[in-house]
Amino acid sequence: MEYLLLLTVFILLEFFESKWQKADTLHGLILNNFYLFKQNIFLYFSMHVTFFYTMFLCFYLNNFGFWMSSILIIKFLDITFKLSMMKKLLNGSTLEEVMPMNIQMSNIFRYMNVIIYPTSFIFALNLI
């Protein structure tokens, strides 16, 4: 029952992250991130709640196996990559220089994190 609650919270937090970053294109997603980044870097970090939740889960469940560590590393790399783009935008680079491709974001692509990370969490718990 405890695992089900932790999984439900994880799914809800992933929906939250997808919702605040929601855009029709990849450039729109970057601009949504940049808007928060310019407001306050602490606000920007606090909006990535699933990274902190994943860290909490690692320590709470004492699970540092492959799947759990993979989730944490991918989330860390995602934030690091976005911060790199935010720094370039802040230094005057154009959006096209930072991200040359402007991909349309379908609902499947937009909410892929809601499927991938909780599924990986289920594998980390050896529930399947």
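This is a predicted model: local features need pLDDT of at least 70, side-chain atom pairs count only at pLDDT 80 or more; totals for chains, interfaces and linings use all residues.

Biologist: What volume does the largest pocket have, and which residues lie nearest its centre?

Modeller: Its volume is about 650 Å³, and of the 26 residues that line the largest pocket, Gln21, Leu29, Asp78, Lys82 and Asn113 lie nearest the centre. The elements that each give two or more residues to this lining are α1 (2-20), α2, α4 (49-60), α5 (66-90), α7 (107-110) and α8 (112-124).

Biologist: Which element gives the most to the lining?

Modeller: That is α5, with 7 residues.

Biologist: Switching to packing, how do α5 and α8 run relative to each other?

Modeller: Their axes come within 8 Å and cross at roughly 150°; angles over 145 degrees count as roughly antiparallel, and α5 and α8 are therefore roughly antiparallel to each other.

Biologist: And which residues meet there?

Modeller: From α5, Trp67, Met68, Ile71, Ile74 and Lys75 meet Tyr117, Ser120, Phe121, Phe123 and Ala124 of α8, and by class this contact has 8 nonpolar, 1 polar and 1 charged residues.

Biologist: One more: is His27 buried or exposed?

Modeller: His27, which is found in helix α2 (residues 26-39), has a relative accessible area of 8%, and since buried means under 20%, His27 counts as buried. Leaving aside neighbours within four places in sequence, His27 is in contact with Leu95, Glu96, Met99, Met101 and Asn102.

Key. Residues are numbered from 1 along each chain as its sequence is written. Side-chain values use heavy atoms; hydrogens and water are left out. Helices (H or I, at least four residues) and strands (E, at least two) are DSSP runs, numbered from the N terminus. Buried means under 20% relative accessible area, exposed over 50%, partly exposed in between (1.4 Å probe, protein chains only). Contact means heavy atoms within 4.5 Å. On a 1 Å grid over the protein atoms alone, a cavity is a set of points where a 1.4 Å probe fits but cannot get out, and a pocket is an open set with protein on both sides within 12 Å along at least five of seven lines; lining residues have an atom within 4 Å of a point. Grid points are joined across faces, edges and corners, and a volume is the space filled by probe spheres set on the points. Axes are lines fitted to C-alpha atoms, for helices over the stretch in contact, and angles run from 0 to 180 degrees between N-to-C directions. Angles under 35 degrees count as roughly parallel, over 145 as roughly antiparallel, 65 to 115 as roughly perpendicular and the rest as oblique. Ala, Val, Leu, Ile, Met, Phe, Trp, Tyr, Cys and Pro count as nonpolar, Asp, Glu, Lys and Arg as charged, and the others, Gly among them, as polar.
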